[in-house]
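Hi there,

Here is the structure I promised to pass on.

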Amino acid sequence: MNNKIKVFVLSLKNSKRTKLIKKRLKDININFKILYGINGKSKTNYKKLEKLCNKKKTKNYIVN
């Protein structure tokens, strides 16, 4: 099957959900790309996010 629509799956690594989705998409012969996010609940990842995030810019974007 030649898909013209790109399928992207957003998930966390080692997620049970990702394994199920991958299996299902392969079973129905759909090409896909998995994009892994980071777990913001992790203290290590949260510190990385704080360094990358411009709080002022984000706040202005949300308010406007």
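Ser 15 caps the N-terminal end of helix H1, with a side-chain oxygen 3.1 Å from the backbone nitrogen of Arg 17. When I say helix or strand, I mean DSSP runs numbered from the N terminus: H or I with at least four residues for helices, E with at least two for strands.

Before going on, two notes on the source. This is a predicted model, where local features need pLDDT of at least 70 and side-chain atom pairs count only at pLDDT 80 or more, while totals for chains, interfaces and linings use all residues. Residues are numbered from 1 along each chain as its sequence is written, and side-chain values use heavy atoms, with hydrogens and water left out.

The loops on either side of H1 each hold something to look at. Most residues other than glycine have a negative phi. Asn 14, in the loop between S1 and H1, has a positive phi of about 65 degrees although it is not a glycine. Asn 14 counts as exposed because its relative accessibility is 75%; the cut-offs are under 20% relative accessible area for buried, over 50% for exposed and partly exposed in between (1.4 Å probe, protein chains only). Just after H1, Asn 29 takes a positive phi of about 60 degrees. Asn 29 sits in the loop between H1 and S2 and is partly exposed, at 42% relative accessible area.

Now for the strands. S1 (residues 8–11) and S2 (residues 33–36) run parallel and are joined by 4 bridges; two strands pair if DSSP finds at least two bridges between them. Phe 8 stands opposite Lys 33, and Ser 11 has Tyr 36 as its bridge partner. Val 9 and Ser 11 make up the covered face of S1, while Phe 8 and Leu 10 are on the uncovered one. Together, S1, H1 and S2 form a right-handed β-α-β unit. Right-handed here means that, with the strands pointing away from the viewer, the path from the first strand over the helix to the second runs clockwise.

Is Ser 11 buried or exposed? Ser 11 is buried because its relative accessible area is 9%. Its side chain makes a polar contact of 2.4 Å with that of Thr 18.

Tyr 36 turns up again with Lys 13, whose charged end sits over the Tyr 36 ring, 5.4 Å from its centre. To count, NZ of Lys or CZ of Arg must be within 6 Å of the ring centre and within 35 degrees of the ring normal.

Finally, Lys 47 lies in helix H2 (residues 43–52) and counts as exposed, at 56% relative accessibility.

Cheers

How values were computed: A polar contact is a pair of N or O atoms within 3.5 Å; within protein, one must be able to donate a hydrogen and the other to accept it, and residues adjacent in sequence count only if both atoms are side-chain atoms.
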